Amino acid sequence: MAKQTSSGGIFRKFIIALVVLIVLGLGGTLIFYYLRYFGPNVTGNEEYLYIHTGEDFNDVYKTIREKGIVKDTATFSWAAYNMKYAEHVKPGKYRLHEGMSNRKFIRMLQLGEQEQVELSFHVFRTKEQFAGFVSKKLEADSLTLLHYLDSTDFVKQYGFNTDNAFVMIMPDTYQLYWNISPEKFYKRMYSHYETFWTPERKQQAAAINLSEPQVSILASIVDAEAVYDDEMPTIAGLYLNRLRKGMKLESDPTIIFAMHDFTIHRVLNKYLSVNSPYNTYLHTGLPPGPVMLPSVNAVKAVLNYQKNDYLYMVAKEDFSNRHNFATNVAQHNINAQKFRKALDEHNIKK
């Protein structure tokens, strides 16, 4: 690694050179460059400088020049080469401060002192939506992020398959570097996932005969059904009852996911025959993957489900986004008829 020239060394060189140049009548030129080296040069035109992976000094210099990041590009270039920055370009997201000197600015870039990105998210319907969101916050593009989730070899190392790998991502707030690689990004997601799955929670999952990914898959259905968190344990208990009895889950959110039409408000009979492994009206048991990215509360609700005898549920006819629960078909049919009547009265056809 090249040895850095200290500010003291530069100052001594400056004094020596100044004496020589004063004799030659060129001292004013050196003073000008010295002031540009230590004096303010960064403008307030941009809040951040983004340096992409693989870019060299010419790319960085072009960005700085085109975006007007410094007042004097000539002295910036001079200082960058004098500090040997061209040999130490590091990608990242760098916060700019108006009035920074060339030396301070270049030193920040040279050391890779970038600002972390706060990535905060809750739930997403699909992997595509999630990848699109992340790509707006980090350097990696959405197609690359999706490629890793859809790579059998990549997700296998974490114990997942391409159907259920999405569950390793748990909604939370993360501090990440903008240029984090997709591999390291998913490693960070999995590390958080592992932290959540304590020995106690693993025992809870085993007690209901579900693997950890299966808990999250069921949680995604619970989350899609429940608008209010306080209903989640009740809904989780209902679906666990159906699983134990070998009944089909018959969950409307799985139909909506299978059709990939999230504008549907009324699941009609004609939708129930859609050919998909996610159609729980056709297939017994859990679908192969989540129907959405479940919230942490939904996962906890499955692990701490309410012990009840419910087997059926339907949205309340008052459109409160809560549910009427039933233990038998007769009561369920009464509840369902109330809801269908309310839909008809409000002319909700789809």
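The model is predicted. The protein has 350 residues, and 45% of them count as buried. Its secondary structure comes to 15 helices and six strands. Among contacts between residues at least 6 apart in sequence, 65% join residues at least 24 apart.

- Helix H9 covers residues 182-196, which makes 15 residues.
- The buried residues of H9 are Pro 182, Phe 185, Tyr 186, Met 189, Tyr 190, Tyr 193 and Phe 196.
- Seen down the axis of H9, these buried residues fall within an arc of 130°, so they line one face of the helix.
- Lys 184, Lys 187 and Thr 195 are exposed on the other side of H9.

**Helix H6: another buried face**

- Helix H6 runs over residues 127-135, and its buried residues are Lys 127, Phe 130, Ala 131 and Val 134.
- Down the axis of H6, the buried residues fall within an arc of 95°, so they line one face of this helix.
- What do the buried residues of H6 pack against? They pack against strand S3 (116-120), helix H7 (142-149) and H9.

**Helix H11: largely enclosed**

- H11 has 14 residues. From first C-alpha to last it reaches 20 Å, close to the 20 Å expected at 1.5 Å a residue.
- Eleven of the 14 residues of H11 are buried, so the helix is largely enclosed by the rest of the structure.
- The buried residues of H11 include Pro 213, Ile 217, Val 222 and Glu 225. Asp 223 is also one of the buried residues.

**Val 222, a residue of H11**

- Val 222 lies in helix H11.
- Is Val 222 buried or exposed? Its relative accessibility is 0%, so Val 222 counts as buried.
- Leaving out residues up to four places away in sequence, Val 222 touches Met 232, Ile 235, Ala 236, Tyr 239 and Val 302.
- Val 222 and Leu 238 are 16 residues apart in sequence. In space, their C-alpha atoms are 9.8 Å apart.

**Asn 164, a buried loop residue**

- Asn 164 sits in the loop between helix H8 (152-156) and strand S4 (173-177).
- Buried means under 20% relative accessible area. Asn 164 has 9%, so it is buried.
- Leaving out residues up to four places away in sequence, Asn 164 touches Pro 213, Ile 217, Pro 288, Gly 289 and Pro 290.
- Pro 213 and Ile 217 are among the buried residues of H11.
- Asn 164 and Pro 290 are 126 residues apart in sequence, yet 6.5 Å apart in space, C-alpha to C-alpha.

**The largest pocket**

- Rolling a probe the size of a water molecule over the atoms shows where empty space is left.
- The largest pocket has a volume of about 1,400 Å³.
- Its lining has 42 residues. The closest to the pocket centre are Asp 252, His 265, Val 267, Ala 315 and Phe 339.
- Which elements each supply at least two residues of the lining? They are helix H11 (212-225), helix H12 (232-245), helix H13 (252-259), strand S5 (312-315) and helix H15 (329-345).
- H15 gives the largest share of the lining, six residues.
- By type, the lining divides into 25 nonpolar, seven polar and ten charged residues.

**Two loop residues with positive phi**

- Asn 209 lies in the loop between helix H10 (199-207) and H11.
- Phi of Asn 209 is near 60°, a positive value in a residue other than glycine.
- Exposed means over 50% relative accessible area. Asn 209 has a relative accessibility of 69%, so it counts as exposed.
- Phe 319 is found in the loop between S5 and strand S6 (323-326).
- Phi of Phe 319 is near 55°, again a positive value in a residue other than glycine.
- At 32% relative accessibility, Phe 319 counts as partly exposed.

Definitions and conventions: Residues are numbered from 1 along each chain as its sequence is written. This is a predicted model: local features need pLDDT of at least 70, side-chain atom pairs count only at pLDDT 80 or more; totals for chains, interfaces and linings use all residues. Side-chain values use heavy atoms; hydrogens and water are left out. Helices (H or I, at least four residues) and strands (E, at least two) are DSSP runs, numbered from the N terminus. The expected span of a helix is 1.5 Å times one less than its number of residues. Buried means under 20% relative accessible area, exposed over 50%, partly exposed in between (1.4 Å probe, protein chains only). The arc is that of the directions from the helix axis to the C-beta atoms. On a 1 Å grid over the protein atoms alone, a cavity is a set of points where a 1.4 Å probe fits but cannot get out, and a pocket is an open set with protein on both sides within 12 Å along at least five of seven lines; lining residues have an atom within 4 Å of a point. Grid points are joined across faces, edges and corners, and a volume is the space filled by probe spheres set on the points. Ala, Val, Leu, Ile, Met, Phe, Trp, Tyr, Cys and Pro count as nonpolar, Asp, Glu, Lys and Arg as charged, and the others, Gly among them, as polar. Contact means heavy atoms within 4.5 Å.
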